[in-house]
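Dear colleague,

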Amino acid sequence: MSIPSQRQGATSPPERGRELLARKWSYLLSGAVVVALDRNELDREMRDRLDDLCAAVHAEASPGSPSPRSAERIGEQLVALGYVTEDGLRVTLDVLGKGLLGLPEFQPVERHAQSVVAVLGALSSGFLAASRRAVFEQQESMQLSLLKAVRDAQWNLKESEARFEEVVTSSASGILVVDLTGRIVRANAAIGDILGYTTEELTGLGLLDLVHPASVRGLGEAMLALLDDPHEDAQGGSRADRQERVRQPQRLLRKDGDVARISLTMSLLRGADDQPVHFVAVIEDGTELMLLQSELNRQALHDVSTGLPNRQYFTTHLESALRRADPVRGISVFHLDVDAFGMVCNSLGRPTGERLLVHVSQRLKAVLAREKAMIARFDGDEFAILVENAAGTPDVATTVAEINRELAEPVYFDDRGLAVSVSVGVVRRPPSDWAPAEVMRAAEQALRRAKAGGRGQWALFHDGQDADERRADALAVAMPGAWEHGEIGVRYRPVVELAGRALVAVEAVLHWDRGDDSLDHAGCTAPAERTGLILPLGEWHLATACGQVRWWGQSAGLTASLRVGLTRNQSRDGDLVRRVRRVLDDTGLPASRLTVGMPVAVLAEPEAVDNLTVLAELGVGTSLDDFGLGPDDLAVAAELPIGSVRVARRLVERQARGEAEHLAGLVPLARRAAARVLVDGLETREQADWWRAAGVVAGTGPFFGDPLPAGAFHDPIEWYD
Amino acid sequence: MVQSEWIPSGVDISVPSVARTYDYMLGGAHNFAVDRALGERIESTMPGLRNAARVNRAFLGRVVRFMVDQGVRQFLDIGSGIPTVGNVHEVAQAAAPGCRVVYVDRDPVAVAHSDLMLAGNDDAAVVHADMRDPDSILGSDAARRLLDFDQPIGVLMLLMLHWVPDEADPRALVARYRDALAPGSYLAVTHATGDNQSDNLTEATDAIKRSNSPDQVNLRSHAAIKEMFDGFELVEPGLVGCGEWRPGGPGDIASEPDMNMLVYAGVGRKV
């Protein structure tokens with residue numbers, strides 16, 4: 001068994017990951033359970049348990065030494081913390097199911113997923129067993145307390161009947177009061193129910209007549225032992241030696257002749273003079289039943305083949321999630337339908353279909369592993385997901401795209417590779433006063449619309465959003481389809497030297513041809529930013545443009561470089577560097593011939609700063625766009641490896657309106673920070689001349705030509721050259 | 001065992017108990033079917049009430065640790081209920097070994113259970129008595145044996161005073177206890193209020209009424225609860241939502257804002 005060393009200095013990555021996860025576990029537990037520990041103690045406790053768990057996962061992974069016992073013990077230790085209940089288990093499985101697979105030591109996920117699942121399974125079974133014992137113990141101690149309460153009341157049948165009743169009737173357990181001759185003088189309704197008698201019928205019967213013949217002797221002896229007072233027959237005996245009670249598993253005879261298996265606790269009631277007065281027997285058969293009931297409940301709430309919650313459970317969960325949702329971020333509900341599932345079943349059989357659904361359920365879990373989400377299986381091939389949105393929750397489009405990407409990877413059943421897609425209806429941020437049924441109806445309605453659009457599509461439910469948001473959503477939703485159908489293209493416009501009018505660069509921008517109208521670059525990037533489509537779309541944009549410029553270089557001798565503006569999300573995308581390198585490798589365009597522009601405002605974020613710095617090191621040109629609008633812009637330009645800055649279009653418009661006083665001063669300051677200053681949005685010769693005089697080297701804008709498709713742009717290349 | 005007056009309830013109905021229902025709300029199994037039924041009914045009218053119960057229990061731990069920090073070594077917990085997780089003597093004796101605790105409850109089953117649990121602990125005992133009878137509590141064998149009334153005592157009345165109707169004059173009753181305490185003693189109170197929520201709360205209190213429990217809730221306002229601290233100086237942060245009294249971590253606060261404001265909590269120091 002090899003366990004990587006786990007305690008080497010507080011900052012080593014596995015330590016840090018575990019520390020965070022343990023704290024999250026402790027934090028979530030503390031909100032769901034009642035424990036005796038204070039916060040710090042609980043933090044430490046959970047940290048220890050997490051180390052145990054990680055060790056168990058490592059052990060599980062190493063062949064030949066599975067140790068489910070250790071994980072079961074962790075489940076037991078959880079129960080021992082206090083009142084941990086099913087909420088505690090749910091929180092634990094939620095946080096660990098996602099968190100363990102997020103730890104660096106368990107990467108890649110595929111290799112460790114099985115071990116993690118096995119360990120969490122063992123933890124659950126240890127938890128269940130311990131929890132069951134705890135319930136037994138607590139119930140048993142309550143029976144004892146009940147018995148004691150009866151005794152402590154110094155029960156006197158005539159004087160305090162009411163007092164006795166209070167104790168007796170509040171019990172779900174059967175209670176019999178028996179006189180010293182064994183005759184029942186008192187019975188409560190619960191024992192009547194157990195035995196099928198009325199309490200009146202029981203009164204007057206002999207207790208031993210109700211006992212199965214095989215056990216009569218044992219019970220009779222026990223009753224005699226209770227009566228047997230060491231005071232009277234043994235000189236050295238003390239009160240402590242006196243037997244207080246007996247507890248036996250027993251078989252009682254029901255009125256209908258059946259046997260009731262119960263557990264019977266009998267004790268002796270003594271009067272004020274310490275003389276025996278009556279026996280009292282507490283009879284319970286409820287605990288087993290109760291546990292059985294909870295198992296039945298669990299089964300009733302889960303789908304058997306995938307183990308996911310079913311519709312009923314999901315709806316209940318949705319109700320509470322709606323209530324406690326973050327008022328700003330809200331929740332998202334996805335209703336998914338596996339495309340062409342009928343076809344799979346028809347051609348490969350229903351069992352394969354079921355296996356496919358199990359596979360889908362696992363993929364869904366993987367995609368949503370980082371979110372607070374419930375995934376449920378509805379009827380047939382339908383699934384539902386409820387995501388409680390948090391700060392880092394990806395937008396709907398990204399999530400759907402991620403799901404379909406995961407599912408597009410073929411899975412093999414009996415050597416047949418199957419790849420599936422899902423259609424998805426989404427309700428984003430439903431109002432918290434909606435009933436769960438309304439939300440589900442809305443999701444279903446959206447699903448129907450999505451399916452009308454073909455396979456692998458998704459649609460948002462729209463009611464209650466304002467018209468603008470709806471329009472923007474409509475654009476965002478239509479965009480992937482439009483992109484696929486070639487309606488979104490790349491166009492090119494010249495970046496021109498203001499002094500000599502030479503072509504210094506070609507800027508590639510997006511253009512969406514919508515038949516009657518069209519959207520320019522900003523019109524394309526805004527909805528794509530909303531949905532996250534910008535990341536794949538942006539990479540395509542870059543790749544298309546790089547390929548085109550390389551071709552122009554080969555075919556027309558173009559030497560000018562390519563300029564591509566990135567959006568905010570692209571600029572801080574953790575994958576940006578990888579994407580750019582991949583495009584440059586694929587297209588063969590030298591890094592030095594590409595310049596990327598980032599909105600200067602995004603450079604307040606460290607991810608964007610990292611991206612820009614690394615790209616500059618790779619030799620890619622860097623530019624700050626929308627420059628001059630923020631107070632820190634100059635500082636950013638001075639601190640980072642910037643090749644050029646491009647003054648914001650809004651400032652150019654302001655200059656055109658004659659509000660130019662301090663603008664002239666901006667350019668020299670910017671030139672001190674970055675070598676070259678450009679402007680965007682030039683419309684007239686006057687503007688071009690003014691900015692040239694102010695010190696700007698080059699510019700873009702309608703004055704030098706609108707963006708054109710690649711085929712039409714050929715002329716400007718020649719014209720400017 | 002002190003013989004005291006406690007109210008026998010109706011004779012032939014199932015009677016849930018406050019103490020056992022509270023245990024159920026906390027996630028315990030120290031309860032019977034009628035208690036669980038009542039718990040479910042209340043929870044269905046006020047979703048999240050479990051959290052309010054949990055938050056109150058967390059307050060208990062904080063307030064006992066606070067009092068121990070102030071030098072208190074003896075406690076009188078009136079309305080202690082079913083011993084569950086993190087009981088006063090466990091918290092106190094963990095913080096300062098030798099702390100002495102007297103529990104008081106009027107529920108015979110809760111008392112019997114406490115008695116069983118405390119067997120063998122010489123520093124803690126339970127008294128079966130009603131809060132409305134201060135003499136039987138202050139004069140009980142357990143109190144006389146374990147509590148030194150010349151030294152500060154931490155008195156806890158958690159989720160208890162709202163079961164005392166106005167006719168019984170809870171303010172005057174609290175004053176009787178106060179008068180028996182040495183200066184420097186502390187009083188901790190948590191008390192249900194309708195100040196911040198009314199609709200659901202009415203439904204929940206109705207559910208308790210319909211259950212025929214001998215105990216009925218008396219919601220009181222911030223001002224009325226504050227009056228109970230007559231003769232005590234409220235320590236910071238005063239009488240506030242239970243979750244807001246010196247929370248030590250996120251688990252001390254319920255995620256539903258309403259549930260933090262359902263119960264006021266305050267701690268006073270006798271001047």
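In this predicted model, five strands of chain A make up an open, antiparallel sheet, in the order E4-E3-E7-E6-E5. Strand E4 (184-187) and strand E5 (245-253) of chain A each have a single partner strand, so one side of each is left without a neighbour in the sheet. From one strand to the next, the twist averages 30°. Within this sheet, strand E3 (residues 174-179) and strand E7 (residues 276-284) of chain A run antiparallel and are joined by 6 bridges. A:Val178 stands opposite A:Phe279 in E7(A). Helix H9 (residues 213-227) of chain A lies across E5, strand E6 (259-270) and E7, and runs at about 150° to E5(A).

A further open sheet of 5 strands in chain A has the order E9-E10-E8-E13-E14, with mixed pairing. Its edge strands are E9 (372-377) and E14 (458-460), each of which pairs on one side only. Here the twist averages 15° from one strand to the next. Helix H15 (residues 396-408) of chain A packs on this sheet, where it touches E8, E13 and E14, and its direction makes about 160° with that of E13(A). Strands E8 (residues 331-338) and E13 (residues 422-428) of chain A pair in the antiparallel sense over 7 bridges, and A:Phe334 stands opposite A:Val426 in E13(A).

Finally, helix H2 (residues 39-61) of chain A has 23 residues, which at 1.5 Å a residue should span 33 Å; its end C-alpha atoms are 33 Å apart, in agreement. The buried residues of H2(A) include A:Leu42, A:Met46, A:Arg49 and A:Glu60.

With kind regards

Key. Residues numbered from 1 in each chain as written. Chains lettered and ligands numbered in written order. Predicted model: local features only at pLDDT ≥ 70, side-chain atom pairs only at ≥ 80, totals over all residues. Helix = DSSP H or I, 4+ residues; strand = E, 2+ residues; numbered from the N terminus. Expected span 1.5 Å × (residues − 1). Buried ≥ 20, exposed ≤ 12 C-beta atoms within 10 Å, placed from the backbone. Pairing = 2+ DSSP bridges. Axes fitted to C-alpha atoms, helices over the stretch in contact; angles between N-to-C directions. Contact = placed C-beta atoms within 7 Å.
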